[in-house]
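This report looks at two local sites in one protein chain. The sequence and the structure come first, and the sites are then taken in turn.

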Amino acid sequence: MNRVLLATAVILNEWRSMHPARRPGAARSWLVPSWPSGLLLSCHGGRLAAELAGDHILRAHVRARLGVAALSRVDVDALDAQVRGMDLREGSGDGKGAAESAEAQQVDVNVTRALIAGALVDPADTTAAMGARLLGLLAEIPDSDLVQSLPLDHAGAAAQGAGRQRIDGPSSGQQDQSGLRQDVAQLRRQARISAAELRRTQTELTKAQALADTLRGDVKRLTAERDVARAAAPSRRQRQQLKDAARLAADLKKARKQVSQLLHERETVSRRHEEETRALRNAVAKAETKRDQAVDARHRLEERLGDLPGRAHYLQNLLKGRIAHLEANLAGLPPNRTRSRMEREISQLCGLSEHIARVLQTTDPQLQAELVAGPPAGGMADSSSNEDHGIGSGVGVYRPAAHASTDRGLRVEILGGGNEIGGSAVLVEAGGTRILVDAGVRPNADSPRSAAPPLIAKAIEGRLDAVVVTHGHNDHAGFVPKLLDDQRQAVTICTPATAALLPTMWADARRVMAQQADDAAAYGWLAPLYGEAEVEAAEKSMRPLTYGRSRTVGALTIQLFDAGHILGAAGVVIRAGDERVVITGDIFNLPQLSVGAAQLPPKLARGADLLVIESTYCHSRHRDRAGQIQDFVGAIAEVVGRGGRVLIPAFGLGRAQEVALMMREQLPDVRVLVDGLARPISEIYEREANLSIFTGRVQRVSNSRHRSRLMRSFHSGVVITTSGMLSGGFAVPWAQEILPDPHSALFVCGYQDEESPGRALQRLATRDDPAAPATLTLPTETGLTTVSVAARVETYSLSAHADRDGLSEIISELAPAQTMLVHGLGREQKEFRETLERARGQRTVRNDRPWSG
Ligand SMILES: [Zn+2]
């Protein structure tokens, strides 16, 4: 029985040390492995038996370990009887029964022990429970009896075998009773020690459990902390990003350093530049002061001189004329008092003339020097990079001086050609800069003085910076050489084509004036406006400017646009700050054979503050141009067809080329002669406008011999020659030749001045009595001549000026704030102005007073 209980304890202890997953049954926490077997049997035998009774797996293990077979039925019944018998004895409480059957009891105990041992490991729960119960009852039997009855060596043997074997055991009487008692006492001591140890162990266990709880709490807390720390720790990507950010920060720092270094360097450079600029400005200011002083001095000088040289020249001419006259008279006189008086007078006049010549030569050296060298350099400059350069090189350039008006606004004043056709001159000023647009002569002037624009003195009284020439006609450009003689610093701005035409035009004007001067020399007062030297100087002053490009002169910016009319004709747009004035010059908005129609630049010219527009034909409407040409050509064809000649006196520049081209195109079989100024001008047209004029039957008259020959031999065809108003040129000899011929014709085309022979001829043609004899007075080289007029005389317009409708169209298209009419007749302008104001809502301004924005 004890072996069963001990084996049970051993198995339970084994289970306790096993991993829970491999453990066959439940571990018992109450069992302490260190307990000795005596303690186990004495104190925990019942508990072990109870474990066996409640756990069939445990029983099977013990059974297998000890090789104990299950009880037979008989043994089970005997066991049952034993249990019941023990219960009865217990219930009777009969004390003497125990003593009476001590021996039988002994036997019973031995047998019972064997039975109990078998029952404890029996597969059946009830049997095991009975065994445990019986063991519990036996425990109440005194220890000595029990111990005596425990033949440990035989207990196993008793359980072996299938049959019931009575365990008799060795005789208990052979055991030394006192030794047993000692053993029991020792066991009890051990039991007490074990109990104490158990208590201590339990206390320690409690402490350990408390510690374990604390540790578990710590573990839990640490785990939580670890999780938090893990969550807080950056990921690999974040670490990479942090690394990148750190690198970027380093780069940024480096870049900042470089930027600050650059800034520092730039500041240093800019400081240096500022200092240099300041120094330059100071130098410029000093230079300007000096220049202004010089200019003031010059102007004072000029004021003092007035037009002394002009008067002196005039006087000189007068003297020369008088001397020549006296000398001529002297030639035939005998030596008498009259002769000696005249000789005395001649000598006095010669002395006076020499004196004047000396005065002229020594007129203020400073003025002479300035006139030769030109005034100090200054601010005429080209404004845009795409334009022609060269103004100012070698020519006196001029910057507005301190004496001039410092008003920045535009000021426009008509100095000539306002209410007449001829002597055009428009003064444009701003910020001290002064420009004259056109400087023309008045046709049929009876003296050089009256040929100038009436108010030209206003332009000459101050310094002019530039003259802009709109086109080559004399009424716009003829006065330029004279003007430049007074204003040598000024440059002439015009289109390249006009620049090509002007020398020829000026040379012709000079020739005509020289002729007139020679004719009038006898009167002693008429000197030409200019000579070869002035024309040459004017040619040198030319600074061509192509259409659309801009040039700045002081405070003004100049741009030219195509005005149609004739080769090179330009309208001018002049700007000063925000203000603009547009000056059309002569303008024609229909195409011709030699030039196209005017090209108004909307961006440049539209919406200007002032439009100064010509008004030659503001009172009339041109007939349909194609119809006019048809009539004109038809009339020529008629005359020529009958074997006659047609003389067409035409302006040498423009009209002559237009008529020649008409002939070449529409009457190619008719012989055409181009004579006078028209010839070289046509050659310039061929060159500059890429036209072919002298082809087919159109022929030039090369020289006077050729002309004389032709006058005799040329009987049928057309002669185109200058001047257009029969006031001079080769038109006069040709008219002398042709007018008396009834088979021939003279066709007037173009504007005729009221005083001109051309106008007189027109009046003659429209006289009340066509049958009355007609004569015309013509100015020839030898004086006035009268010729009879038998030839057919007709007038064709063929104008190259815009008419009333054309002008209205141009004004509408340019939409200026204000319009000023020039280059027309006063009464006609007045009527057109009223029409513009009333019918078209345009604002117009008078041309006889200065305009300022
Ligand atoms: Zn013109």
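## Zinc site

Along the chain, the donors of the zinc ion follow the spacing H-x1-H-x91-H-x20-D. In this predicted model, the protein donors are His471 through NE2, His473 through ND1, His565 through NE2 and Asp586 through OD, and they lie 2.1 to 2.3 Å from the zinc ion. His471 and Asp586 link distant parts of the chain, being 115 residues apart: His471 sits in the loop between strand S5 (466–468) and helix H17 (474–477), while Asp586 sits in the loop between strand S11 (579–583) and helix H21 (602–605). Both His471 and Asp586 are buried.

The arrangement around the zinc ion is irregular, because the four donor atoms subtend angles of 93 to 165°, whereas a tetrahedral assignment would require all angles to lie between 85 and 135 degrees.

Asp741 belongs to the loop that runs between helix H26 (731–738) and strand S17 (745–749). Its relative accessibility is 17%, and Asp741 therefore counts as buried, the limit for that class being under 20%.

The side chain of Asp741 makes a polar contact with the side chain of Ser744 at 2.6 Å, and a polar atom of the Asp741 side chain also lies 3.0 Å from the backbone nitrogen of His743. When residues up to four places away in sequence are not counted, Asp741 touches Arg645, Ala790 and Ala791.

Note on methods: Residues numbered from 1 in each chain as written. Predicted model: local features only at pLDDT ≥ 70, side-chain atom pairs only at ≥ 80, totals over all residues. Heavy atoms only, no water. Helix = DSSP H or I, 4+ residues; strand = E, 2+ residues; numbered from the N terminus. Buried < 20%, exposed > 50% of the residue type's maximum accessible area, 1.4 Å probe, protein only. Polar contact = N/O pair within 3.5 Å; in protein donor to acceptor, adjacent residues only side chain to side chain. Contact = heavy atoms within 4.5 Å. Donors = N, O, S within 2.8 Å, 3.2 Å for Na, K, Ca; no water. Tetrahedral: all angles 85-135°; square planar, octahedral: opposite > 155°, others 65-115°.
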